[in-house]
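This briefing is meant for a reader who is meeting the structure for the first time. Please look over the sequence and the model before reading on.

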Amino acid sequence: MHFLETMKAMLVWTGAGAVLLFVLMYIDSLFTKYKDFAEVKAGNMAVTVRLIMKLFAQGYILSSSIATANNLLEALVYSVIAFVILFVLEVIVRLLLRYWAQLDLDKGTQEGKIGFGLFSGTLHLVGALIIAACF
């Protein structure tokens, strides 16, 4: 009986996590200056790299919150809060880079410059590692 309960829980938690990740990635795409999925379809590798790294970062946060949460709702709430924290940090870092280093990550990523996409995605990965350490 324990095995079946574990399998059922895995399916529910995985399904809920997948839905949350889709929603968070969709919300994120609304805040970029370009259409993420249109750029991916057009072959823009910088946008694709950024999107993949961001998805990995959110997935890592979700897996860490699931590993430590007492229930599914708690894990999902932790992940949403982490998304908001990452979003705010991303805005701050992008502004600082734009004004101090004259580096516009959105523009460079949209132009297909892989380095810009990697830099942007790495910000998310580092943020995810730091946030997940708090769980």
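The structure is a predicted model, and its chain has six helices and zero strands, so that the order read along the sequence is α-α-α-α-α-α. The C-alpha atoms, taken along the principal axes, fill a box of roughly 60 × 30 × 20 Å.

**The chain as a whole**

- Of the 135 residues in the chain, 36% count as buried.
- Among the contacts in the chain with a separation of 6 or more, 69% are accounted for by residues 24 or more positions apart.

**Record annotation and the spans it names**

- UniProt, in an unreviewed entry, lists residues 12–31, 51–69, 75–93 and 114–133 under "transmembrane region".
- In the model, the span of residues 12–31 is 95% helix and 0% strand, and its end C-alpha atoms lie 29 Å apart.
- The span of residues 75–93 is 100% helix and 0% strand, with 27 Å between its end C-alpha atoms.

**Helix α1 against helix α4**

- Helix α1, which covers residues 2–30, packs with α4 at an angle of about 20 degrees, and the two axes are 11 Å apart; this angle makes α1 roughly parallel to α4, because an angle under 35 degrees counts as roughly parallel.
- The crossing in which α1 passes α4 is right-handed.
- On the α1 side, the residues that meet α4 are Val12, Trp13, Ala16, Leu20, Leu24, Ile27 and Asp28, while α4 contributes Leu72, Ala75, Leu76, Ser79, Val80, Phe83 and Glu90.
- Sorted by class, the residues of this contact between α1 and α4 comprise 11 nonpolar, one polar and two charged.

**Helix α4 against helix α6**

- The axes of α4 and of helix α6, which spans residues 114–133, come within 10 Å and cross at roughly 135 degrees, which means that α4 is oblique to α6.
- The crossing of α4 and α6 is right-handed.
- From α4, the contact involves Ala82, Ile85, Leu86, Glu90, Val93, Arg94 and Leu97, and from α6 it involves Phe119, Ser120, Leu123, His124, Gly127, Ala128 and Ile131.
- The contact of α4 with α6 has nine nonpolar, three polar and two charged residues.

**Helix α3 against helix α6**

- Helix α3, made up of residues 45–68, packs with α6 at an angle of about 5 degrees, and their axes are 7 Å apart; α3 is therefore roughly parallel to α6.
- The α3 residues in this contact include Met45, Arg50, Met53, Lys54, Phe56, Tyr60 and Ser64, and those from α6 include Ile114, Gly117, Leu118, Thr122, His124, Leu125 and Ala132.
- By class, the contact of α3 with α6 divides into 15 nonpolar residues, six polar residues and two charged residues.

**Phe83, a residue of helix α4**

- Phe83 has its place in helix α4, which runs over residues 72–100, and it counts as buried because its relative accessibility is 8%, under the 20% cut-off for that class.
- Leaving aside residues up to four places away in sequence, Phe83 touches Leu24, Ile27, Asp28 and Gln58.
- Although Phe83 and Leu21 are 62 residues apart in sequence, their C-alpha atoms are 9.9 Å apart in space.

**Met45, a residue of helix α3**

- Met45 is located in helix α3 and is partly exposed, with a relative accessible area of 48%.
- Met45 and Leu72 are 27 residues apart along the chain, and the separation between their C-alpha atoms is 35 Å.

**Gln102, a loop residue**

- Gln102 lies in the loop that runs between α4 and α5, the latter covering residues 105–110, and with a relative accessible area of 62% this residue is exposed.
- Most residues other than glycine have a negative phi.
- Gln102, although it is not a glycine, has a positive phi of about 50 degrees.

How values were computed: Residues are numbered from 1 along each chain as its sequence is written. This is a predicted model: local features need pLDDT of at least 70, side-chain atom pairs count only at pLDDT 80 or more; totals for chains, interfaces and linings use all residues. Side-chain values use heavy atoms; hydrogens and water are left out. Helices (H or I, at least four residues) and strands (E, at least two) are DSSP runs, numbered from the N terminus. Buried means under 20% relative accessible area, exposed over 50%, partly exposed in between (1.4 Å probe, protein chains only). Contact means heavy atoms within 4.5 Å. UniProt positions are given in the numbering used here, feature names are shortened, and annotations may be inferred rather than shown by experiment. Axes are lines fitted to C-alpha atoms, for helices over the stretch in contact, and angles run from 0 to 180 degrees between N-to-C directions. Angles under 35 degrees count as roughly parallel, over 145 as roughly antiparallel, 65 to 115 as roughly perpendicular and the rest as oblique. A crossing is left-handed if the near helix is turned anticlockwise from the far one by less than a right angle, and right-handed if clockwise. Ala, Val, Leu, Ile, Met, Phe, Trp, Tyr, Cys and Pro count as nonpolar, Asp, Glu, Lys and Arg as charged, and the others, Gly among them, as polar.
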